[in-house]
Amino acid sequence: MTLATAGFSPFPPELLLVLAASLLLWSRVHRVLLQLTVRCGEWGAFRAALALTRLLEWLPLTARMRTLLWREKLYAHSALGNTGTAVAGARRLAVHAKADGCTRCATCAVNVFINAGLYRETLDIERGWKGPSEEAPSAERNEWALVRFNLVEAVYNLGSWEAASARLSTLEETARGFPFLWNFFPVQRAWILAHTGRGEEALAALVNVDCRLVPRVYRSEVRFTHAAALLALCRYEEAEREARMGLKLARRASSTRNGLFLLGRIAMAAGRLEEALRFFEAGATHSYKGQGGDGLLAWGDCLGKLGRHEEAREAWQRVLARDTQSGAASKAASRLGLHEPRPAASG
């Protein structure tokens, strides 16, 4: 039974439009929609987050809300593999971050640049920026610690694990006072230890991680770090199991691609070259093209072991094209006879 037949006047559609427009102009509704956008990003629902940002762009947001919207949009583009769009926005965001001292914007720019393989641009954000003073609010100081923590990844991707380890050590005391960072701190340390052949120490570090407190979109990285530590110890079956669990947890496109490359490295180390090749090819053809130099380098090495030398050279050429600034690019250039490996960046 409709309202009209029950004796009520029909509800004017014009009034419904006015009501909807009024709601969209209400600042409290804006805050709710922004919070939902952030939650979608935390859950890994990046397409939904991006759709919400497009709606919010049309609304009269405050300057602070618009900056938050900017960051969430870039995070979504980066996670979905829209690297060019994300980087273009991150360049503008980095300028804003340094000009206004916005540490949250710096964190976003750093993450986008690293995902795109722009490690030198990442480190440029820190140069000339002293960070918040001791009198600044704790939230701002914690965010600056997170910026510096993320820069560790840029340093080891440039090829210097030792410099990355030294940089991470300088942050240890600061991280103790920031529970979110302190819980993830052992993951970064374990990743460095695993890649410098110290698998037992890496596993010991990971014991201190509470996965329930790790954001959903980064839980796959904890599993991948476990796998890398086990790989360093030649415990291949366990490493593969951890890597596959990480793939199931992956929310970002980059995490899925990196998991495929990691499974390829494990299979190659175990001597299963044909199987490794399938994983490497899946990673190389994945829609996410940023970073990945180490995986592409290993793909070329696997092809070389199988006697497919021309294809190996093509794989190493991809390292130079996709992850130009990485330490892997230097190794690929050496394999191609272009130059001797350059010294790793000091960070």
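The model shown is predicted, and a search of the whole structure finds 18 salt bridges, some of which are described below.

**View 1. The salt bridge between R223 and E242.** The side chains of R223 and E242 meet at 3.1 Å, N to O, in a salt bridge. Because R223 belongs to helix α13 (residues 219-232) and E242 to helix α14 (residues 236-249), the pair ties together parts that are 19 residues apart in sequence. E242 has a relative accessible area of 14%, which is under 20%, so E242 is buried. R223, with a relative accessible area of 25%, is partly exposed.

**View 2. The salt bridge between R167 and E126.** Here the side chains of R167 and E126 meet in a salt bridge, with a distance of 3.2 Å from N to O. The pair links distant parts of the chain, 41 residues apart, since R167 lies in helix α9 (residues 161-170) and E126 in helix α7 (residues 119-126). R167 counts as buried at 15% relative accessibility, while E126, at 21%, counts as partly exposed.

View 3. The side chains of E172 and R176 meet in a salt bridge at 3.3 Å, N to O. Both residues lie in helix α10 (residues 172-176), where they are four residues apart, about one turn of the helix. R176 is partly exposed, its relative accessible area being 44%. A network of salt bridges links E172 and R176 with E173 and R189.

How values were computed:
Residues numbered from 1 in each chain as written. Predicted model: local features only at pLDDT ≥ 70, side-chain atom pairs only at ≥ 80, totals over all residues. Heavy atoms only, no water. Salt bridge = Lys/Arg side-chain N within 4 Å of Asp/Glu carboxyl O. Helix = DSSP H or I, 4+ residues; strand = E, 2+ residues; numbered from the N terminus. Buried < 20%, exposed > 50% of the residue type's maximum accessible area, 1.4 Å probe, protein only.
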